[in-house]
Amino acid sequence: RVMQVPEPDNSRKGKVIKEKLEDAEKSARKRILEVIHDSSQTVKLSDAKFIVTGGRGMKGPENFQLLRDFAKLVGGAVGASRAAVDAGWIPYAHQVGQTGQTVQSKVYMACGVSGQIQHLVGMQSCDFIIAINKDPDAPLMHLADVAIVGDIFEVIPKLINELPKT
């Protein structure tokens with residue numbers, strides 16, 4: 001389909017009015033109210049050797065502390081599914097997947113992540129994948145090297161208790 005360009009209307013006339021703004025007037029039009037530094041942007045999932053990711057199964061933002069505690073013990077980083085980020089439970093910098101970061105860690109542990117194709121695209125190249133989910137038929141459970149059918153809030157604390165404390 002070809003778009004028709006209208007012919008110019010030469011009967012119309014315009015007038016240019018030039019006005020000069022003083023420097024004081026220019027600066028009065030803008031001012032900085034607050035500077036916020038987002039420390040969440042320092043997350044370097046692409047550099048992490050061990051990533052512990054939470055999804056919708058984490059049930060809320062407060063429960064990501066469990067993953068942070070576990071990640072700290074294993075020297076890892078915390079990732080998130082798009083569902084967790086969209087719910088506002090964790091900042092976007094943690095998102096793994098097609099619309100987040102693509103990662104290739106040595107170990108990738110997905111906690112309560114169903115494994116929609118958009119998420120799998122971002123983490124399928126990890127060397128060793130562990131999935132913890134109540135649903136044995138979740139897509140990620142079939143991709144995982146180790147699939148643990150269980151409640152995250154029971155499994156992760158047991159894993160934490162088994163790890164040596166430093």
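The structure holds three salt bridges, a salt bridge being a side-chain nitrogen of Lys or Arg within 4 Å of a carboxyl oxygen of Asp or Glu. This is a predicted model, in which local features need pLDDT of at least 70 and side-chain atom pairs count only at pLDDT 80 or more, while totals for chains, interfaces and linings use all residues. Residues are numbered from 1 along each chain as its sequence is written, and side-chain values use heavy atoms, with hydrogens and water left out.

**Overall architecture**

- The secondary structure of the protein comprises six helices and five strands; helices (H or I, at least four residues) and strands (E, at least two) are DSSP runs, numbered from the N terminus.
- Read from the N terminus, the elements follow the order α-β-α-β-α-β-α-β-α-β-α.
- Of the 166 residues in the protein, 37% are buried; buried means under 20% relative accessible area, exposed over 50%, and partly exposed in between (1.4 Å probe, protein chains only).
- The accessible surface of the protein is about 11,600 Å², and 52% of that surface belongs to carbon and sulfur atoms; accessible areas come from the Shrake-Rupley method with a 1.4 Å probe, and for residues only the protein chains shown count as cover.
- Among contacts between residues at least 6 apart in sequence, 49% join residues at least 24 apart, where contact means heavy atoms within 4.5 Å.

**Salt bridges**

- Side chains of opposite charge can pair when their charged atoms come close.
- Arg82 pairs with Asp86, and the closest N and O atoms of this salt bridge are 3.1 Å apart.
- Both Arg82 and Asp86 belong to helix α3 (residues 82-86), where they are four residues apart, about one turn of the helix.
- Arg82 counts as partly exposed because its relative accessibility is 46%, whereas Asp86 counts as exposed at 56%.
- A salt bridge also joins Asp127 to Lys106, with 3.5 Å between the closest N and O atoms.
- Asp127 lies in the loop between α4 (117-123) and β4 (128-133) and Lys106 in the loop between α3 and β3 (107-111), so this pair ties together parts that are 21 residues apart in sequence.
- With a relative accessibility of 48%, Asp127 counts as partly exposed.
- In a further salt bridge, the side chains of Asp151 and Lys134 meet at 3.9 Å, N to O.
- This pair links distant parts of the chain, 17 residues apart: Asp151 is in the loop between β5 (146-149) and α6 (152-162), and Lys134 is in the loop between β4 and α5 (139-143).
- Lys134 is exposed, its relative accessible area being 53%.

- Strand β3 is largely enclosed by the rest of the structure, because five of its five residues are buried.
- Both faces of β3 are covered, with Val107, Met109 and Cys111 buried on one side and Tyr108 and Ala110 buried on the other.
- β3 pairs with strand β1 (residues 50-54) in the parallel sense over five bridges; two strands pair if DSSP finds at least two bridges between them.
- Thr53 has Ala110 as its bridge partner in β3.
- β3 and β4 run parallel and are joined by five bridges, and Met109 stands opposite Ile130 in β4.
- Between these two strands the chain passes through α4, and this β-α-β crossover is right-handed; that term applies if, with the strands pointing away from the viewer, the path from the first strand over the helix to the second runs clockwise.

**Cysteines**

- A disulfide is a covalent bond between the sulfur atoms of two cysteines.
- A search of the whole structure, looking for pairs of cysteine sulfur atoms within 2.5 Å, finds zero disulfides.
- Cys111 is buried, with a relative accessible area of 0%, and Cys126 is buried at 7%.

**Two buried loop residues**

- Ala48 is found in the loop between α1 (23-28) and β1 and counts as buried at 15% relative accessibility.
- Apart from neighbours within four places in sequence, Ala48 is in contact with Ala77 and Ser105.
- The C-alpha atoms of Ala48 and Gly75 are separated by 8.5 Å, although these residues are 27 residues apart along the chain.
- Ser81 has its place in the loop between β2 (77-80) and α3 and is buried, with a relative accessible area of 8%.
- Not counting residues up to four places away in sequence, Ser81 touches Thr53, Gly54, Gly55, Arg56, Gln95, Val113 and His119.
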